[in-house]
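Hi,

Here is the structure I promised to pass on to you. Have a look at it first, and then read my notes below.

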Amino acid sequence: MSITTGKPLLDVLSGTKTEKPPFWFMRQAGRYLPEYRALRQEKGGFLEMAFDPQAACEITMQPIRRFEMDGAIIFSDILVIPMALGQHLEFVQGEGPKLDPINTADDVAKLGYSGFSKLEPVYEALGNVKTTLGNEGFKQTTLIGFCGAPWTVATYMIEGGSSKDFMKTKLFAYQNPEAFDNLIALLVESSAAYLINQINAGAEVVKIFDSWAGSVDQQSFYKWCVEPIRRIVDIVHGEYPHVPIIGFPRGAGYNYLEYVQDSGVTAVALDQFVPTQWAARAIQPNMPVQGNLDPAILRAGGDVLIRASEKIMSDLQEKPYIFNLGHGINKDTPVENVELLVKILKG
Ligand code: CP3
């Protein structure tokens, strides 16, 4: 028998198979929950809540109190890093994030980070969640910290927000290679420091979200989506060798293989486009996997939800496996559907 930690998520991440897969959901805190919408109404905006350690703790706890997930992910955002580097950030209701875009090499040279005291409220929120999980008896729930991957964060910094084709980012990268390398290097250094600070504050696992890894062409994937992650992992593991790191190269397709082989992450999160039987053969022999229910199926609910989640589990649970979605919960998902899924998962 293997020794377990009492926390199923940590067991799986250390390579121990559990009888039932531990679970949590990307964007498990958020607008599908009435208690989140109520607090948001009261506090005003997303950033106000993310930088209020009491509110961020409360929001992180909301889904845990309802569903007792095995993972509690701190309520924050990947775009707090550009903010801490000196870029103006706001969230416009219905439009998503807006940043003052980087247009030139000079704009990159103006960025800088100085120890990240701006992000102190995030660390304080992590400490609050750790205490609250203990006080409220959620002994098996693991606290997860996170950051964005350099490529994905760079796209927001250069585009000034979301994008469909990432043309501006790619042109910048190909036409100003030195400035782009400097930007990626700055993001590597600051993201690694940020993750280490989150671990100091109580995070037991960290996850690196590369939401737009799927936009990178095959020849650039290694340079922009594998090497920077490898550098972050080396820095974090240099300080904390035993803290698991989950990587999420969303949309990477066949490039998942290269990522699994060389990024150094402990486990990999699969998007809903990765065939689960292929992942069982090609990825699970190398590392634990997490995923990959389509959030649209969770929103649809009913029989299709039951069948799809059972199929994913039967394909992946022979080896260390964490149940999750392939991307974040859609904001119009009925809470009853999440209840149904949790009932299936708890068996
Ligand atoms: O998963 C969790 O519950 C933890 C919290 C979390 C948020 N953002 C809260 C949030 C996490 C892990 C993120 C990561 C994030 N943020 C990513 C990577 C994961 C992914 O979804 O691909 C990205 C690309 C972002 C950038 C971002 N933040 C966008 C594009 C938006 C606007 C889109 C939207 O859904 O409104 C946000 C805002 C945001 N981040 C919200 C939440 C709950 C919505 C804020 C609100 O209106 O209440």
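**What turned up**

Cys 225 is buried, with a relative accessible area of 0%. Buried here means under 20% relative accessible area, exposed means over 50%, and partly exposed is anything in between (1.4 Å probe, protein chains only). Before you read on, note that this is a predicted model, in which local features need pLDDT of at least 70 and side-chain atom pairs count only at pLDDT 80 or more, while totals for chains, interfaces and linings use all residues. Residues are numbered from 1 along each chain as its sequence is written, and side-chain values use heavy atoms, with hydrogens and water left out.

**Cysteines**

How many disulfides does the structure hold? The count is zero, where a disulfide is a pair of cysteine sulfur atoms within 2.5 Å. Take Cys 225 again: the closest cysteine sulfur belongs to Cys 147 and is 13 Å away, so the two are too far apart for a bond. Another cysteine, Cys 57, is also buried, at a relative accessible area of 7%.

**The sheet**

Now find the strands. Strands (E, at least two residues) and helices (H or I, at least four) are DSSP runs, numbered from the N terminus. Seven strands make an open sheet in the order E1-E4-E5-E6-E7-E8-E9, with parallel pairing; two strands pair if DSSP finds at least two bridges between them. The edges are taken by E1 (71-73) and E9, each with a single partner strand, so one side of each has no neighbour in the sheet. On average, neighbouring strands are turned by 25° against each other, direction ignored. For that angle, axes are lines fitted to C-alpha atoms (for helices, over the stretch in contact), and angles run from 0 to 180 degrees between N-to-C directions.

Is it enclosed or open? Five of its five residues are buried, so E8 is largely enclosed by the rest of the structure. E8 runs parallel to strand E7 (residues 267-269), and two bridges join them. Ala 269 has Gln 290 in E8 as its bridge partner. To get from E7 to E8, the chain goes through helix H13 (residues 276-282), and this β-α-β crossover is right-handed. Right-handed means that, with the strands pointing away from the viewer, the path from the first strand over the helix to the second runs clockwise. E8 is also joined to strand E9 (residues 321-325), in parallel, by five bridges. There, Gly 291 stands opposite Phe 323 in E9.

**Salt bridges**

A salt bridge here is a side-chain nitrogen of Lys or Arg within 4 Å of a carboxyl oxygen of Asp or Glu. By this rule there are 12. Among them:

- Asp 52 and Lys 43 form a salt bridge, with their closest N and O atoms 3.1 Å apart. Asp 52 counts as buried at 18% relative accessibility, while Lys 43 is partly exposed at 32%.
- Lys 223 and Asp 181 meet at 3.4 Å, N to O. This pair links distant parts of the chain, 42 residues apart, with Lys 223 in helix H11 (residues 218-239) and Asp 181 in helix H10 (residues 177-200). Lys 223 is partly exposed at 42%, and so is Asp 181 at 35%.
- Lys 331 pairs with Asp 332, the closest N and O atoms being 3.3 Å apart. Lys 331 is partly exposed at 42%, as is Asp 332 at 43%.
- Glu 58, Arg 65 and Glu 136 are linked in a network of salt bridges.

**A serine in a loop**

Where is Ser 163? Look in the loop between helix H8 (150-159) and helix H9 (167-175). Ser 163 counts as buried, with 17% relative accessibility. Its side chain reaches the backbone nitrogen of Phe 166 at 2.8 Å, and a polar atom of that side chain lies 3.3 Å from the backbone nitrogen of Asp 165. These are polar contacts: pairs of N or O atoms within 3.5 Å, where, within protein, one atom must be able to donate a hydrogen and the other to accept it, and residues adjacent in sequence count only if both atoms are side-chain atoms.

**One more spot**

Glu 120 sits in helix H7 (residues 120-135) and is partly exposed at 44% relative accessibility. Glu 120 and His 88 are 32 residues apart in sequence and 18 Å apart in space, C-alpha to C-alpha.

Cheers
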